[in-house]
Amino acid sequence: MDTYAVNANPSLDPTLEQPTRDELLAMYGRMVLIRRVEERLGDDFTAGKLPQSVHLYVGQEACAVGVCARLEDGDWVASTHRGHGHYLARDGDVRGLFAEVFGRRDGICRGMGGSPHVADFSKGIIGANAVVGGGIGIATGAALAAQMQDRGRVAVCFFGDGAAAQGWLGEALNIAALWRLPLVLVCENNGFAEFMPTATVTAGSIASRAAGYGVPGVAVDGNDLIEVWQAAGPAVARARAGQGPTLLELRTYRTRAHTESESGFLSRPYRTVEEVEDWRTRDPLPRVRDRLSAAGVRDDELDTIDAEARRLAAEASAFAETNPWPDPSVVYGLMFHDQEP
Amino acid sequence: MAVKTYREAITEALQIEMRRDPRVIILGEDVVGGLGGTNGEVEAAGGTFGVTAGFAAEFGRRRVIDTPITESAIVGAANGAALTGLRPVAEVMFMDFIGVCLDQMLNQMAKFRYMFGGKCDVPVVIRTLMGAGFGAGPQHSQSLHALLTAIPGLKVALPSSPADAKGLLATAIRDNDPVIFCEHKVLYGESGEVPDGEYLVPFGEANVTRRGNHVTIVAFSRMVLLANAVADRLAKEGISVEVIDPRTTSPLDRDSILESVEKTGRLVVVDEGDPYCGMASEIVSLAATEALDALKAAPVKVTPPHTPVPATPHLEQEWLPSPDKIEKAVRATLDSKLARAG
Ligand SMILES: Cc1ncc(C[n+]2csc(CCOP(=O)(O)OP(=O)(O)O)c2C)c(N)n1
């Protein structure tokens, strides 16, 4: 995979590695959890329970899950304003996520960051980021530290197609290639930068930009879990083996709003109903479910996974709703490690 | 005159100036925003907050340009186009993102005219949203106008009313120097009387929004509304508060501030920016160095604490200046020992 390549349908290619039934089941569980959590947060927003709007990950679950399934404890992930999926794919705490989005005391960041800033250092999640592209340099630094600490750790940066327009991508590719950093740059190309169709603000192909830096660039179907997993495996392995960075472009689609509040301020739709419906037929969840069924997993088992995800989301939402607001002392106390402002 | 919102007033200024001068162009993320396909020819957003709705249809996409998320290139391109004959109005969606493109502001646009021996003009306007209040968190809520004011070569405007939003923006667009135009996101829905047609508010001329004799409040941007409310509240008790809205921090109308302080002898400054090295400190320093003899009480600064903006709404409100905090500050200047001694 040394050059830019789009494989027609690698997930069905028998020569490529296939996940075991248990691996697939575990990944499916994560995807379902992300879906149900995001839907619940969407409902909570509509019900007026959230202090601010949220950017949900619905439709893109295969990206976070397929990549993170290739990671190990101790690896690092930098994320975006649409970061709940990455957080959950890294086993971030569901209650902590809800409480954070609700702005409450027991939020994973004590309510100080909110939805676009979820971070859990104990799980290697070094921060969602509300500055578009902001995570790219940070992940590069985590990869540098990983290389210097020589413990075989890898850093992954998730970012959007919109973020790929920031100069940081080129800057990071350059130094990561020069220094052979254990970095995997994962662009989730979901068709839009806010309301601007990707093609109107993105020249050429994102994956092919890697070639100029001598870095492998790979584009795959981001709605196909197995393709993502198959592409991420070699990228992570390459990084871990000290062979340098890879750029993955996962072609996916955001089926929900850019931000849940958007219908309140947009004058017209920015995409057609047909386009959204067409992408719904490529929803990543049923595709995995179908494969599991084909592998002999019973429907009731799959339904149980779904019910459990819904229960977890509902329970965490109820927890967040009654969780107290943070104490005012944190406003002054959090800024420095050892000094009041 | 008609009643319009702050947002509508901004739209009107842009529209009038674009009709007047074909060199005016708009650059920014989602200033059009498009419907699917590859051309995005149908506008959906017209600005993330709807300010440029309908502009693409009226002025064409050559003058109303959706940019990628690329703030350095947005401001850089605005700079280059301004040096070579256009009058760009570029949008940096949230003021926090000046972090992404600060070089183009700090080292480029602010320096061109001076370092090129006055041989060029730099008619750029950067429109950007400041302020807390929506629970948007530490990277979407800052008020960094003092940081920009501290850069010689930049002009900085902070409208607090719809009329000023219109008049200051028109002035900014016609100005031949770079202007950072700071719109407060919480003010977007505020309404007020706005003069019809072409309307200009000169830079460096403060607006006295309340007349009074006992205490001077200097307030910036949204804080002007809070100061006015406090002045009205205290007027019922016979405390007469003068409220001054400088409207631009660069240039700053020092004379109006000093005149008022000479008259009242008491100064409260209300600003949403940082208490350190900020506009509140600057105005207090102005009074201390130029009007010390007139002061009957120590000036008081009402600002947020020197911390990032917390996301959780409850603490964000706690963090922000409030009418109660301002009232307390006004009373402190009236109760001051210095005042009793005087
Ligand atoms: C530096 C910066 N510029 C602009 C924004 C406003 N903004 C928030 S999300 C977004 C679109 C991001 O698009 P993309 O990177 O493709 O991610 P997606 O939202 O599609 O997941 C924009 C422009 C921002 N948060 N940060």
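In this predicted model, helix α1 (residues 21–46) of chain A packs against helix α10 (residues 284–294) of chain A at an angle of about 150 degrees, the two axes lying 10 Å apart. Because angles over 145 degrees count as roughly antiparallel, α1(A) is described as roughly antiparallel to α10(A). The crossing of these two helices is left-handed. On the side of α1(A) the contact is made by A:Leu24, A:Leu25, A:Tyr28, A:Met31, A:Val32 and A:Arg35, while α10(A) contributes A:Pro284, A:Leu285, A:Val288, A:Arg289, A:Arg291 and A:Leu292. Sorted by class, the contact of α1(A) with α10(A) holds nine nonpolar and three charged residues, with no polar residue.

Helix α1(A) has a further packing partner in helix α2 (residues 61–68) of chain A, where the angle is about 140 degrees and the axes are 9 Å apart. This pair is therefore classed as oblique, and α1(A) passes α2(A) in a right-handed crossing. Here α1(A) makes the contact through A:Met27, A:Arg30, A:Met31, A:Ile34 and A:Arg35, and α2(A) through A:Glu61, A:Ala62, A:Ala64, A:Val65 and A:Gly66. The residues of this contact comprise six nonpolar, one polar and three charged. A:Met31 and A:Arg35 are named in the contact with α2(A), and A:Met31 and A:Arg35 are also named in the contact with α10(A).

| Helix pair | Angle between axes | Distance between axes |
|---|---|---|
| α1(A) and α10(A) | about 150 degrees | 10 Å |
| α1(A) and α2(A) | about 140 degrees | 9 Å |

Turning to the sheets of chain B, seven strands form an open sheet with mixed pairing, in the order β3-β2-β4-β5-β7-β6-β12. Strands β3 (64–66) and β12 (248–250) of chain B stand at its edges and have a single partner strand each, so that one side of each is left without a neighbour in the sheet. From one strand to the next, the twist averages 20 degrees. Within this sheet, strand β2 (residues 24–28) of chain B pairs with strand β4 (residues 87–94) of chain B in the parallel sense over four bridges, and B:Ala90 in β4(B) is the bridge partner of B:Leu27.

Helices of chain B lie across these strands. Helix α3 (residues 71–83) of chain B lies across β2, β4 and β5 (125–130) of chain B and runs at about 165 degrees to β4(B). Helix α7(B), in turn, lies across β2, β4, β5, β6 and β7 of chain B, with a direction at about 160 degrees to β7(B).

Another open sheet of chain B has five strands in the order β9-β11-β10-β13-β14, again with mixed pairing. Strand β13 (residues 267–270) of chain B and β14(B) pair in the parallel sense over three bridges, with B:Val270 standing opposite B:Val302 in β14(B). Helix α10 (residues 279–290) of chain B packs on this sheet, where it touches β10 (215–219), β13 and β14 of chain B, and its direction makes about 160 degrees with that of β13(B).

At the level of domains, chain B is divided into domain 1 (2–194) and domain 2 (207–341), whose centres, taken over C-alpha atoms, are separated by 28 Å. In the contact between them, 26 residues of domain 1 of chain B meet 24 residues of domain 2 of chain B. On the domain 1 side, two or more residues are given by each of α6 (145–149), β6 (155–157), α7 (162–174) and β7 (179–184) of chain B. That side consists of 13 nonpolar, eleven polar and two charged residues.

Between the chains, 43 residues of chain A are in contact with 44 residues of chain B. The elements β6 (196–197), α7 (198–201) and α12 (329–333) of chain A each supply at least two residues of the side that touches chain B, and α7(A) gives the most, with three residues. By class, this side of chain A divides into 25 nonpolar, 14 polar and four charged residues.

How values were computed
Residues numbered from 1 in each chain as written. Chains lettered and ligands numbered in written order. Predicted model: local features only at pLDDT ≥ 70, side-chain atom pairs only at ≥ 80, totals over all residues. Axes fitted to C-alpha atoms, helices over the stretch in contact; angles between N-to-C directions. Parallel < 35°, antiparallel > 145°, perpendicular 65-115°, else oblique. Left-handed = near helix turned anticlockwise from the far one by under 90°. Contact = placed C-beta atoms within 7 Å. Nonpolar A, V, L, I, M, F, W, Y, C, P; charged D, E, K, R; others polar. Domains from an automatic or database assignment. Pairing = 2+ DSSP bridges.
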